[in-house]
Amino acid sequence: MLTCKEVSELVSQSLDRKLSLRERLGVRVHLLVCNACNRFAAQMRFLRAAARRFRELPPEDDTGVRLSDAARGRIRRRLDGQR
Amino acid sequence: MAKPDPPKSALSEPHTWLERHGDALYRYAFFRLRDMDMAEDLVQETLLAAFQARADFAGRSAERTWLIGILKNKLVDTLRKHAREVSVDALADGPDAIDALFNDDRGQHWRTPPAAWENPNAALEQKQFWAVFRDCIETLPPRQARAFVLCEIDGLDGKEACKVLDVEPSNVWVMLHRARLRLRQCLEKHWFGGARGK
């Protein structure tokens, strides 16, 4: 039987590629008896859904991350050179 | 911070774009690239390209949305341009970080089994959840963060992601798996672990 470590890897990869029949069966058998990995699998599906939803959110206005003054000056000069 | 202009608007003066949108563009770029130089470079390339393309602005979207669209197109170029230097930091954390999550060398069982998350879908409706989600992504090692944001949030397909990140598909899967393990832990600790609302 596959270990929890192997199953967690395959569950994650199942979001990114089609698993082989053998891999799918291995995961399914493990999930029949392992509560922890079932939770993990549900959480992976949740992460995928959350990421998709995050994509639709408007960009946040202020997270404290700002263009540095040096970069701002550099970009300003480069843009002015353009005109 | 200036709000984006309403739709159907004309463009503002190009020389005001850096002031109006520079920080927002930089935030968007930095979240995806996790590298100051690259993000600054991308903001500059975006504004230059926008200046060249200003005649094409159709007024269907707000000015900032238009600029972010240009930035998205330039993002892949920027990553490719920097691909070599980006590759140097290797796969960030080694296999140990994953091994530590399991109780023996073979990884038979979880050391700390994933907890039951109570009604996770309700979290999607809460503003604070998204702040935690963003923070968790920001604490990932840069390469994992880049892979996760490009593939899972920006929706690049596997092949495109491999090209942009300059790695084999199996490496992308490894990076995504590591990113997900960390995000899972982070969300469990900071949101689903009962710390909510405290």
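Helix axes are lines fitted to C-alpha atoms over the stretch in contact, and the angles between them run from 0 to 180 degrees between N-to-C directions. In the predicted model described here, this convention applies to helix H8 (residues 142-153) and helix H10 (residues 169-192) of chain B, whose axes come within 8 Å and cross at roughly 95°. Because angles of 65 to 115 degrees count as roughly perpendicular, H8(B) is described as roughly perpendicular to H10(B). On the H8(B) side, the residues that meet H10(B) are Arg143(B), Gln144(B), Ala145(B), Ala147(B), Phe148(B) and Cys151(B), and their counterparts in H10(B) are Val172(B), Met175(B), Leu176(B), Arg178(B), Ala179(B) and Arg182(B). Sorted by class, this contact of H8(B) with H10(B) comprises eight nonpolar, one polar and three charged residues.

At the level of domains, chain B is assigned a domain 1 that covers residues 14-86 and a domain 2 that covers residues 89-192. The C-alpha centres of these two domains of chain B are 26 Å apart, and nine residues of domain 1 are in contact with seven residues of domain 2. On the side of domain 1 of chain B that touches domain 2, helix H1 (17-33) and helix H3 (63-81) of chain B each supply at least two residues. That side of domain 1 of chain B has five nonpolar and four charged residues, with no polar residues.

Chain B also meets chain A, with 40 residues of chain B in contact with 37 residues of chain A. The elements of chain B that give two or more residues to this contact are H1, helix H2 (36-52), helix H7 (127-138), H8 and H10, and of these H1(B) gives the most, with eight residues. By class, the side of chain B that touches chain A has 25 nonpolar residues, together with eight polar and seven charged residues.

The secondary structure of chain A consists of four helices and zero strands, which read along the sequence as the pattern α-α-α-α. The radius of gyration of chain A is 23 Å, whereas a compact globule of 83 residues would have one near 12 Å. Along its principal axes, the C-alpha trace of chain A spans about 65 × 25 × 20 Å.

With regard to confidence, the predictor gives the complex an ipTM of 0.89 and a pTM of 0.84. The mean pLDDT of chain A is 92, with 93% of the residues scoring at least 70, while chain B has a mean pLDDT of 85, with 86% of its residues reaching 70 or more. Among the elements of chain A, the lowest mean pLDDT, 91, belongs to helix H4 (residues 69-82), and the highest, 97, belongs to helix H2 (residues 21-33) of chain A.

Definitions and conventions:
Residues numbered from 1 in each chain as written. Chains lettered and ligands numbered in written order. Predicted model: local features only at pLDDT ≥ 70, side-chain atom pairs only at ≥ 80, totals over all residues. Domains from an automatic or database assignment. Contact = placed C-beta atoms within 7 Å. Nonpolar A, V, L, I, M, F, W, Y, C, P; charged D, E, K, R; others polar. Parallel < 35°, antiparallel > 145°, perpendicular 65-115°, else oblique. pLDDT = per-residue confidence, 0-100. Rg over C-alpha atoms; globule rule 2.2 N^0.38 Å.
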